[in-house]
Amino acid sequence: MTYPTQPEASHFIDGAYVEDDSGAAIPVIYPATGEIIATLHSATPALVDRALAAARRAQPAWAAMTGTERGRILRRAADIMRARNRELSELETKDTGKPLQETLVADATSGADALEYFGGLAATLSGEHIQMGEDFVYTRREALGVAVGIGAWNYPTQIACWKAAPALACGNTMVFKPSETTPLSALKVAEILLEAGAPPGVFNVVQGYGEVGAQLVEDERVAKVSLTGSVPTGRKVYSAAASGMKSVTMELGGKSPLVIFDDASLEDAVSAAINANFYSTGQVCSNGTRVFVQDGIREAFLKRLSERLKGVKAGDPLDEETNFGPMVSERQREIVEGFIAKGSEEGARLVAGGGRPEGAGFWIEPTVFADVEDDMTIAREEIFGPVMSVFGFATEEEVLERANATIYGLSAGVFTRDLARAHRMVAGLQAGSCWINTYNLTPVEAPFGGMKMSGVGRENGQVAIEHWSQLKTVYVAMGAVEAPF
Ligand code: NAD
């Protein structure tokens with residue numbers, strides 16, 4: 001069965017699909033073929049206003065429900081999402097180009113995990129009681145109000161759910177703007193939440209380019225902004241939010257190190273390096289794109305990696321045997337090709353890929369550079385494509401310093417069988433998420449977010465509640481009030 005890709009309308013506001021074709025057209029392109037599979041329209045300022053008004057109207061009643069009631073709706077949404085996994089995964093594959101082999105297990109399923117997890121936490125939200133002699137203080141954990149979520153194009157369903165689930169669990173309502181490159185699946189999240197029992201206006205979706213995001217961020221009705229995107233966009237959104245004193249969560253880019261010591265399991269290290277660079281065609285923020293391999297095993301690592309790359313199966317993303325898809329867009333492919341050219345120009349050794357396969361669609365080969373030096377462009381800048389850079393190193397001290405010599409701080413990985421060294425390394429690494437002897441596992445139970453330029457705040461885990469709610473302190477006097485006169 002094939003599911004339609006053209007949605008009923010571009011936006012989802014106040015519990016219903018809404019169209020307004022006076023906004024700029026947003027063509028949705030299937031990256032595997034370059035075909036247009038849907039056409040949506042950017043929200044006009046009036047529609048953005050309507051979505052914010054709906055979220056504002058719905059918020060007090062949503063926050064007044066018990067956490068158990070809100071949680072039940074989120075958990076029901078998780079069940080609906082899992083039941084519709086195949087349809088949602090096919091849509092995600094058409095929207096992003098990611099192989100169905102991935103989307104079936106990583107997109108709607110991880111969105112459902114977030115809805116289930118925060119649905120469970122909703123009933124546990126509480127304040128504390130502080131006794132002050134006869135008097136006492138209590139705290140109330142309250143919603144922030146209307147929240148704005150803005151998404152990137154690599155994990156559209158997951159990003160919508162990682163923001164909506166904790167936001168709604170805490171009693172906020174949301175207006176979500178997906179990336180203009182992948183606008184389809186957030187509409188499904190909105191449909192599913194409504195079907196699960198979320199009142200109209202609790203979760204709204206408006207489509208649009210950057211200026212729609214900017215209008216949302218600047219609106220004075222908005223209390224919180226959560227962005228997943230690049231550092232340059234993060235700077236703009238954070239500054240705009242700051243002038244309105246809004247809370248923010250910034251999930252931004254990275255240039256993360258994966259450090260492989262010569263006592264590591266070579267096979268596992270190669271597997272992790274593959275996952276850390278080629279999953280989702282390298283379009284993952286936390287990717288370990290700087291692979292430091294200790295001198296003693298570097299050539300063995302490169303040899304085994306070349307053998308394993310023979311297992312790449314690029315082709316029809318809807319074929320479940322395919323394990324490598326195209327880039328999301330022509331523009332992104334051009335950016336990545338620019339980096340590949342720079343890598344060769346600056347003297348890195350191309351050991352695999354680098355080319356553009358024949359045919360339609362935005363395909364690019366999985367690419368590996370060896371002998372990469374720390375000051376090369378491909379060593380410093382986020383590429384966001386399937387390009388692995390392999391570096392040599394001699395000592396632990398040296399590699400730690402080089403791994404941290406970046407403006408980013410999203411993630412890092414260490415491969416070694418020496419337990420003490422593994423923990424010493426992660427204690428020294430400046431990164432929000434570290435992995436020992438694996439890479440890129442991001443379960444909803446574990447906090448996720450960046451240090452340095454990679455972000456502010458954390459998504460997932462119980463700590464996310466802190467970022468989606470606020471505390472009110474209430475002092476209660478039990479006796480007479482003293483005054484100086
Ligand atoms: P992007 O920064 O170009 O766009 C992100 C979103 O911001 C889009 O929806 C865009 O329309 C919107 N936007 C653009 N200008 C805006 C403005 N002035 N005001 C408000 N919104 C605006 O990012 P992208 O190219 O879609 O995604 C790739 C980037 O996202 C990479 O840097 C990647 O590392 C990062 N990313 C981070 C995470 C994470 O969790 N840390 C996850 C996925 C992607």
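**Reading a ligand site and its protein**

Q: Which residues are closest to the ligand, and how many surround it?
A: A residue is near a molecule if one of its heavy atoms lies within 4 Å of it. Here 28 residues surround the ligand, and the closest are Gly151, Glu180, Ser230, Thr233 and Glu382. Keep in mind that this is a predicted model, where local features need pLDDT of at least 70, side-chain atom pairs count only at pLDDT 80 or more, and totals for chains, interfaces and linings use all residues. Residues are numbered from 1 along each chain as its sequence is written, and side-chain values use heavy atoms, with hydrogens and water left out.

Q: What is the make-up of the shell around the ligand?
A: Ala, Val, Leu, Ile, Met, Phe, Trp, Tyr, Cys and Pro count as nonpolar, Asp, Glu, Lys and Arg as charged, and the others, Gly among them, as polar. This shell divides into 13 nonpolar, ten polar and five charged residues.

Q: Which elements each supply at least two residues of that shell?
A: Helices (H or I, at least four residues) and strands (E, at least two) are DSSP runs, numbered from the N terminus. Those elements are α8 (210–218), β10 (222–228) and α9 (231–243). The protein chain has 16 helices and 20 strands.

Q: Which side chain has an N or O atom 2.5 Å from an oxygen atom of the ligand?
A: Look for pairs of N or O atoms within 3.5 Å. The side chain is that of Glu382. For Glu180 the distance to a ligand oxygen is 2.7 Å, and for a polar side-chain atom of Lys177 it is 2.9 Å.

How values were computed. A polar contact is a pair of N or O atoms within 3.5 Å; within protein, one must be able to donate a hydrogen and the other to accept it, and residues adjacent in sequence count only if both atoms are side-chain atoms.
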